[in-house]
Amino acid sequence: MFENSIDINNDISVNEFYSKLNNVDLFKVNGRVVQVIGLIIESIGPNCHLGEICVVKSHEGEDICLAEVVGFRDNRVLSMKLGGSSKISPGSEIVATGKSFSVPVGKKLLGRIIDGLGNPIDGKGPIEYEEIRSIYAPPPNPLTRKRITESISTGIRSIDTLLTCGKGQRVGIFSASGVGKSVTLGMIARNTTAQVNVIALIGERGREVRDFIEGELKEGLNHSVVIVATSDQEALVRLKASFVATTIAEYFRDKEMSVMLLFDSVTRIATAQREVGLAIGEPPTTKGYTPSVFALLPKILERAGNSDKGSITGMYTVLVEGDDMNEPVADNVRAILDGHIVLSRKLASSGQYPAVDVLQSISRVISSITTTEHRLAIQRFLELMATYKDAEDLVNIGAYVKGSNSKIDKSLANIDVMKSFLKQNSSEKTDFQQSVKKLIDMMNAAYKNVN
């Protein structure tokens, strides 16, 4: 449909694309802005549909910005700005394009950094694209999805051995602020066995973006696409970044590739959707989140996973408020995903990095991708760790007498080597098979059952 309307240049930017669309002679009667209240642009006309992209023009006919139709009220069209200038005034012309938001995709995206609307921001010039895709797409048919039967390495020993992830699994990384989410994502991006990384940094501080790319990602950028929408940008731009990242990941999956989608963070997407919902008059519900927030989450998260071609393994960080793992967004995301990894502030303050709390974390596909021997070692490790945690206070105050309980004695005899096993320097890369063998050998020795 695009090819019949305009001549697409491979180097075209998103803004230029929609500007050219505006010149196509198939669109509708233009509208006029009547008022702007907060985030919402109210206009009389144009004749458009929900989710359609419009171009707002100045009185001189210059393009001011793009806007997306987010609702209708009292015969007026409600739109929200997608970047660009803020020089909107009463009477500004608003022109419907007839299209929903689309993003150019292609293999030349690898190694590049783009904004939430798909435009390059790394100073390396325009990107050659192979096709243009709508950012809105249905999840794969549940009956054509391949089952998760193959493990994928993250390069993090505690995750690979005790919370083994499958190719095509969707996992949440839950933690409060400052516990090491960015470092953990950087380690996964550098060390994963996936062919391509798609990394969405949404709602981040501007300072942290370059720190992550140059400090954590490093050489991993060569086989990655990074999508950036910082916290100062419009809510709708932050929201679109999540769909842009997922669409790019789907492109590589359709090329029969294994994709690692690293998403930081779902909470900031929920916050952006809450801003949009409240602005158009949605009623606030639990903790101020609007109903559309909880409708949005599965639309994003369900698009990852296996298809009949390739796979998208999703790692979604969730920033929990006040260390409350049961707050609304965390609770809903945990119910949708195929497992969760909890990063503990207590473990981080004790010097364990990555601060993975293996007792609170779970992989829901682990039985399908591990051997019987591996699962037995996991069970034994968790049993010893849980026993030690229950007895830790008694031991620390000197109230426990050695020999009183054989399980506690066994956990005390092995806790130091177990804690050492969980610790890993951020620059250290571990081999999946070697890590699993080390876990099995350690547990066989602990249970006096060396084969």
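## Around Ile248

Let's start with Ile248, which touches Val105, Leu109, Ile114, Val198, Val225 and Ile227, leaving aside residues up to four places away in sequence; contact here means heavy atoms within 4.5 Å. This is a predicted model, where local features need pLDDT of at least 70, side-chain atom pairs count only at pLDDT 80 or more, and totals for chains, interfaces and linings use all residues. Residues are numbered from 1 along each chain as its sequence is written, and side-chain values use heavy atoms, with hydrogens and water left out.

## The cores

Ile248 and Phe381 touch the most other members of the largest nonpolar core, which has 117 residues. A nonpolar core is a set of buried Ala, Val, Leu, Ile, Met, Phe, Trp, Tyr and Cys residues joined through side-chain atoms within 4.5 Å. Buried means under 20% relative accessible area and exposed over 50%, with partly exposed in between (1.4 Å probe, protein chains only). Helix α6 (residues 235–254) gives the most to this core: twelve residues. A second, separate core of 13 residues includes Val33, Cys48, Val77 and Ala96.

## Helix α5

Now for α5 (residues 206–217). Helices (H or I, at least four residues) and strands (E, at least two) are DSSP runs, numbered from the N terminus. Its buried residues are Val209, Phe212, Ile213 and Leu217. Looking down the axis of α5, these fall within an arc of 90 degrees, so they line one face of the helix; the arc is that of the directions from the helix axis to the C-beta atoms. They pack against β8 (113–115), α4 (181–191), β13 (196–202) and β14 (224–229). On the other side of α5, Arg207 and Arg210 are exposed.

Notes. The expected span of a helix is 1.5 Å times one less than its number of residues.
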